[in-house]
Amino acid sequence: LTQLEQDGGFAHIIGHIPTRDCLHQFGLRYKALMDRFQHIVRFQSFGHTHDEDFYITRSIETNHAIGWSFVAGSGTSGDNRNPSFTVIEFDKEFMVPVNLHTYYMNLAEANSGKEPEWKLLHDFKQEYALSDLSPSSMLQFTQRMYEDADLASQYLWNKGRRGAEKPKATVGNKSLLCLNSSEVFEVKDCEGKQEI
């Protein structure tokens, strides 16, 4: 990252396990790196969970949203999830994400004898009424889901690519509000759980 900074470049980080699921010692150091290189790291994407999700990275000193990570849904099914893939659009000049389009295959339909078909699950900005995908907009999105049960239900349904019935979320869902945290102890603090 130091070399990229010297060269005037940008970085996209792609990994397997979302950093908010890693040990505190790693997560805190990783967060410090993201804070230091927030002008270099333009996007982060992970997998592992098989759910489509995201979380916010906030500055250590100011607590402002400085980045966010996309957790891509899986191309495999299981546990009431439909398979999916996501097409990410980036701004050509600044290399920041400008939109996400997730496609899924409805396995119940495919297994009923219909021809398997990949369908658009959502245009991320349109689905969630986002003006952009800036860190501050994504942070506001977590607050909106915390306050709006219908929006939260839609997000949770899309998380598994509508493989099960649409959940009935309630106002005040801490797990959605706590998407504003990128480090395991931050998440536990947000959810009111004890750190171990």
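**View A. Methionine 95 takes a positive phi near 60 degrees in the hairpin of strand 5 and strand 6.** Six residues lie between the two strands of this hairpin. The model here is a predicted one: local features need pLDDT of at least 70, side-chain atom pairs count only at pLDDT 80 or more, and totals for chains, interfaces and linings use all residues. Residues are numbered from 1 along each chain as its sequence is written, and side-chain values use heavy atoms, with hydrogens and water left out. Strand 5 covers residues 84-90 and strand 6 covers residues 97-105; they run antiparallel, joined by seven bridges. (Strands pair if DSSP finds at least two bridges between them; helices, H or I with at least four residues, and strands, E with at least two, are DSSP runs numbered from the N terminus.) Look for isoleucine 88, which sits opposite leucine 100 in strand 6.

**View B. Helix 5 runs from residue 135 to 147.** Its 13 residues reach 19 Å from first C-alpha to last, close to the 18 Å expected at 1.5 Å a residue. (The expected span is 1.5 Å times one less than the number of residues.) Ser137, Met138, Phe141, Thr142 and Met145 are the helix's buried residues, where buried means under 20% relative accessible area, exposed over 50% and partly exposed in between, with a 1.4 Å probe and protein chains only. Seen down the axis of helix 5, the buried residues fall within an arc of 150 degrees, so they line one face. (That arc is taken from the directions from the helix axis to the C-beta atoms.) Turned away from this buried side are the exposed Gln140 and Glu147.

**View C. Phenylalanine 43 and tryptophan 68 form an edge-to-face aromatic pair.** Their centres are 5.9 Å apart, with 85 degrees between the planes. (Rings of Phe, Tyr and Trp, the last by its six-membered ring, pair if their centres lie within 6.5 Å; planes under 30 degrees apart are stacked, over 60 edge-to-face and the rest tilted.) The pair links strand 2 (residues 41-46) with strand 4, 25 residues apart in the chain. Both residues are buried.

**View D. Phenylalanine 141 of helix 5 pairs with tyrosine 155 of helix 6.** These ring centres lie 5.9 Å apart with planes at 85 degrees, so this pair is edge-to-face. Phenylalanine 141 and tyrosine 155 are both buried. They belong to one aromatic cluster, whose members include Phe54, Phe90 and Phe124.
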